[in-house]
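Take a walk through this fold, one piece at a time. Keep the sequence and the model side by side as you read.

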Amino acid sequence: MTTLFSFAVVLWNIGGVFSFDWHGHHFHIPGYLFLGAVITTLTASGILERFGSPLIGANYRQQHFDADLRAGLMDIRRNSEQIAFYGGEDAEHLRLSGYLTHIATNWRSVVRYTWRVNFIAEIYTGIATVPLWLMLAPKAMAHALTFGLYSQINSAYTQVRISLEWFIFNYADMATLRSVLQRLGEFERTVSQQPETGIERFASEIPSVQIRDLTLCLPDTKPIARIGNLTLESGERWLLRGPSGSGKSTFLRALAGLWRHGSGAVSFNMRQAMFLPQRSYVPSGTLRQALSYPATPDRYETLSCQRVLEAVNLAGYSHRLDEIADWGDVLSPGEQQRLAVARALLFRPAILFLDEATSALDEDNERRLYEALLSALPGTTFISVAHRDALCRFHDHEIVLGDGNAVFSVLEK
């Protein structure tokens, strides 16, 4: 910018005025050499944008295809054991080959458009002085152009042109930047979208769970289940049952705020609520960190951690609390579910939601976990999603989903 403004003043002053007659009118154009340099560069930039803009889309798609490949590789890493059981190596090889084919095909487009951009820039460099000669032709024919004046004009014109050409010779890098900004802009618009107006959640300090006119729907507004009005008092234990696809897990997702499709409202003490999904999340690090999640590992004493591990039949891991490992791979699915129940015993929530949180356990371990929960958390409100009849004895109320409506009943002991 400093070079541009400095030599623009020089070129404006030494270039003089271009005067000509046209259709009976006399025109004076001061600083016409500077204006000519600007117009020439803008014209070249316009041509470059016209033929080089596909490079932005190609770079955008390249990022998309690269991300697909990385996601596919991470998917294989997470599910390598299941793939090995299925013998799915050939299928995964075919899938990853498809990702690589997209990358290679699009990369050829990136190379082609980059070559086009560089070719136009080189052509412009080769003919960049032609406009100056054309603008100086009237002075030369009028014998008003000396060698010294031409040297000064050419030097100033070249500096101005080079300053303005920064955008032309950095077009490829700027195209990459524009594609990145485009993806980031889309990401920002997505995450900043206001949540859909549907099921409303309200935080309250009362110990009960209030459900009012709740209807669960699919994203296309097709109804799944109508819950209606329901109040779950403190300490009550509710069993949620129904055929597959009736909306049991969706009901818990709506309570957790993860599902907004539908209508109605729910309110409960969200700070004192805890959700245990069917597939528990076990972060890498120490076992103490995995057990304390989502709290920090220093929140609970070692003795408390050892007690809850013993209560969920994981006493064999008590001496490994500070051992660093990828516990998601070390623990079996059943052990991971027992670890999640141990978290609940540590956290001591006022409301506990269990979405088939013991489905990977045998009946003896499942019974032991529920007995531990009921013994340690007598005042906690339970909502359990389950299919086994054996869990009925741990609950005193039942919600049955099916045929579009919820049916509430009291379980007989």
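A residue counts as buried under 20% relative accessible area, exposed over 50% and partly exposed in between, using a 1.4 Å probe and protein chains only. Helices (H or I, at least four residues) and strands (E, at least two) are DSSP runs, numbered from the N terminus. This is a predicted model, where local features need pLDDT of at least 70 and side-chain atom pairs count only at pLDDT 80 or more, while totals for chains, interfaces and linings use all residues. Residues are numbered from 1 along each chain as its sequence is written, and side-chain values use heavy atoms, with hydrogens and water left out.

Start with helix H6, residues 130-141. Its buried residues are Leu132, Met135, Leu136 and Lys139. They cover an arc of only 85° around the axis, so they sit on the same side of H6. That arc is taken from the directions from the helix axis to the C-beta atoms. Leu134 and Met141 are exposed on the face turned away from the buried side. The cover over the buried residues of H6 includes H1, H2 and helix H7 (147-164). Contact here means heavy atoms within 4.5 Å. After H6 comes His143, with a positive phi near 55°.

Now look at two of those covering helices. H1 (residues 2-15) packs against H2 at an angle of about 130°, and their axes are 7 Å apart. Axes are lines fitted to C-alpha atoms, for helices over the stretch in contact, and angles run from 0 to 180 degrees between N-to-C directions. H1 and H2 are therefore oblique to each other. From H1, the contact uses Ala8, Leu11, Trp12 and Gly15; from H2, it uses Tyr32, Leu33, Phe34 and Leu35.

Next, move to H9, residues 171-191. Which residues of H9 are buried? They are Tyr171, Ala175, Ser179 and Gly185. Seen down the axis, these fall within an arc of 120°, so they line one face of H9. On the other side, Asp173, Phe187, Glu188 and Val191 are exposed. The buried residues of H9 pack against H2 (32-52), H3 (54-78), H5 (89-127) and H8 (166-169).

Finally, find the largest nonpolar core, with 41 residues. Such a core is a set of buried Ala, Val, Leu, Ile, Met, Phe, Trp, Tyr and Cys residues joined through side-chain atoms within 4.5 Å. Leu276, Leu291, Leu339, Leu352, Leu354 and Leu373 touch the most other members. H14 gives this core its largest share, 7 residues.

Note on methods:
Expected span 1.5 Å × (residues − 1). Parallel < 35°, antiparallel > 145°, perpendicular 65-115°, else oblique.
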